[in-house]
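Trainee: Could you go through this one with me? I'd like to see how the pieces pack together.

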Amino acid sequence: MAYDGIITYAAAKELRERIVPGKIEKVYQPGPEDLLVHIHTQRGNVRLFISCNSQSARVCLTEGSYTNPDQPPTFCMLLRKHLQGGRITDVKQKDAERIMEIDIEAQNELGFSVCRRLIVEIMSKHSNIVLIDLETGKIIDAIKRISIDVNRYRQLLPGVIYKYPPVQDKLPFTEVTEDTGLPRDDRALMARVGGISPAISREIAADPGRRLARIVASVADGSARPRAYIDDKGTPREFHITGLSEYDGLECRFFDTLSECVDFYYSNREASNLVRQKSQPLLKSVQASLSKALLKKKKLSEDLLAAENSEKYRLYGELLTANLHLVRPGDRKVRVVNYYDGSEIDIPLDEKISASANAQKYFKKYSKARTAIHEKQAQLEDNERDIRYLESVIQNIEAADNVPLLESIRDELEQTGYVRRRQKAAQRKKKNSKPEPLKYLLSDGTTVLVGRNNIENDWLTMKFASKTDVWMHTKDIPGSHVIVKLDDGRNVNDLPAALIYEAASVAAYHSKASGSDNVPVDYVPVRYVKKPNGAKPGMVIFTHNQTVYVKPALPENKIK
């Protein structure tokens, strides 16, 4: 996390210029550790987001949307009482620490002017938001109260004199000049200078004094350029106000303000984390069902193999019937001549029953085995369809990039019985949300649509697509249904090979084989794609297909 002392320094400067003087119109608490403050300024209304979450503590202006609880929490009500209608008089950083102070001039119950200070401590798991009275220095309240049982040195409770966190014996980064002698080792540098993150210490280790002084100067003169580094999955990996060479291989996105950069970084990181948290239980449940289906397949295959090896029972029955005279009472086996090939064969017997009863017993075992072959084959086919379906669901879960999409996949699994219905799910009002498949434009302008889950695959193929459109899917590999729209009277035979390969690359990309270099993709006109009665979502059969081998890739143009 890059929200170090330098970022706090730059953020305080930016907020001081943006929200001072500003009037606090409303205070909300969308999360247990988050605040959203609506502020009216001379340049318009803005929203200040403050969080003391251990993974995403920050202070920045935001354009994001947040859902507030029906009943405001106690700390939110207290802030409304003491700050609402007040004017922000200053925003500053405490020394070079990750502590931001927002001073507010408000009125008390008697109408007298009072000064409050909202202190935001950005210190990982020790992050907190504290409101104090400036005149007395006493804590009015903290969003996370800390008692003496938790911290003997420093309590954060109403009525207690506020103490800052213990000061570290380090040189503040704001006091570093180009001539300051600093170690050229990143760990030693962090131990010597306060307020810098590991990423910055590694970046400036070669020439720490000069590089650090210039970074601080860039904040002071407004030349700093906030930026975020984004990996190939679209997830922000790091951000800062200066370049970080260790992330040169990633996409670097610049922002006009630090608040925009911080808001982008944490919003996307939180969204990715939330998707990951939501997907894991679902993925675990589906994988468990898949493991059971694979085990069932193994047992059915073994039973089928045993049933197919039942020819010997018929032979035993025939030979016993022809040689009843050779069997004596109490025999456990009898040796007879196999009249098919002239060899001698030993036939096990049940000594408790007669020879003819033994023969009938073998005929029954043979008949039962032949019946089992048909039953086991039918069960094996049904089980194989279940396996293909579950593999497709796993691929959809792994590809899901937002919570609503995961919720639709869960609804699908509830409908098919693989996931237990949530409480009151039957009474929950379902929204008829319209499917929103992914859309791409091929090089000639042709539209390609991709289903994001099996419900959407069914809708796309069976309801949305025209009979002359082209349907694509990876061959024997879990993946999305892909439709190539041909609204101009063309059919599959009119498409140039290059266009078919380009569209097939999209199908390969949205499949389990997206990391391979040579993926088989079937394509066929939609008229030849059918959905059997009772088939699970996304499961279809097709004929008249052709196959191409492509490398997974996406077109340059994606329709939002």
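Trainee: How do α1 and α5 run relative to each other, parallel or antiparallel?

Mentor: Roughly parallel: the angle between α1 and helix α5 (residues 208-221) is about 15°, with their axes 10 Å apart, and α1 and α5 therefore count as roughly parallel. Angles under 35 degrees are called roughly parallel, over 145 roughly antiparallel, 65 to 115 roughly perpendicular and the rest oblique. The axes are lines fitted to C-alpha atoms, for helices over the stretch in contact, and angles between N-to-C directions run from 0 to 180 degrees. Helices (H or I, at least four residues) and strands (E, at least two) are DSSP runs, numbered from the N terminus.

Trainee: What do I need to know about the model itself?

Mentor: It is a predicted model, in which local features need pLDDT of at least 70, side-chain atom pairs count only at pLDDT 80 or more, and totals for chains, interfaces and linings use all residues. Residues are numbered from 1 along each chain as its sequence is written, and side-chain values use heavy atoms, with hydrogens and water left out.

Trainee: Thanks. Back to the helices: what is the handedness of the α1 and α5 crossing?

Mentor: α1 and α5 cross in a right-handed way. A crossing is right-handed if the near helix is turned clockwise from the far one by less than a right angle, and left-handed if anticlockwise.

Trainee: And which residues meet there, α1 against α5?

Mentor: α1 brings Ile 6, Tyr 9, Ala 10 and Lys 13, and these meet Leu 212, Ile 215, Val 216, Val 219 and Ala 220 of α5. By class, that contact has 8 nonpolar, no polar and 1 charged residues. Here Ala, Val, Leu, Ile, Met, Phe, Trp, Tyr, Cys and Pro are nonpolar, Asp, Glu, Lys and Arg are charged, and the others, Gly among them, are polar. Contact means heavy atoms within 4.5 Å.

Trainee: Which strands does α1 lie across?

Mentor: Helix α1 (residues 5-19) lies across β1, β2 (34-41), β3 (44-51), β4, β5 and β6 (99-107), and runs at about 160° to β5.

Trainee: What order do the strands have in the 9-stranded open sheet?

Mentor: The order is β4-β3-β2-β1-β5-β6-β7-β8-β9, with antiparallel pairing. Its edge strands, each pairing on one side only, are β4 (58-61) and β9 (139-142). From one strand to the next the twist averages 25°. Two strands pair if DSSP finds at least two bridges between them.

Trainee: How many bridges join β1 to β2, and how many join β1 to β5?

Mentor: β1 and β2 run antiparallel and share 7 bridges, with Tyr 28 opposite Leu 36 in β2. A hairpin of 2 residues connects β1 to β2. For strand β1 (residues 22-31) and strand β5 (residues 87-93), also an antiparallel pair, there are 2 bridges; Lys 23 has Arg 87 in β5 as its bridge partner.

Trainee: Switching topic: at what angle do α8 and α9 cross?

Mentor: Roughly 160°, and the axes of helix α8 (residues 355-399) and helix α9 (residues 403-416) come within 10 Å. That angle makes α8 roughly antiparallel to α9. The crossing of α8 and α9 is left-handed.

Trainee: Last one: how confident is the prediction, as an average pLDDT?

Mentor: The protein averages a pLDDT of 90, and 97% of the residues score at least 70. Over residues 425-430, though, the pLDDT is below 50, and this stretch has 5 contacts in the model beyond near neighbours in sequence. pLDDT is the predictor's confidence in each residue, from 0 to 100.
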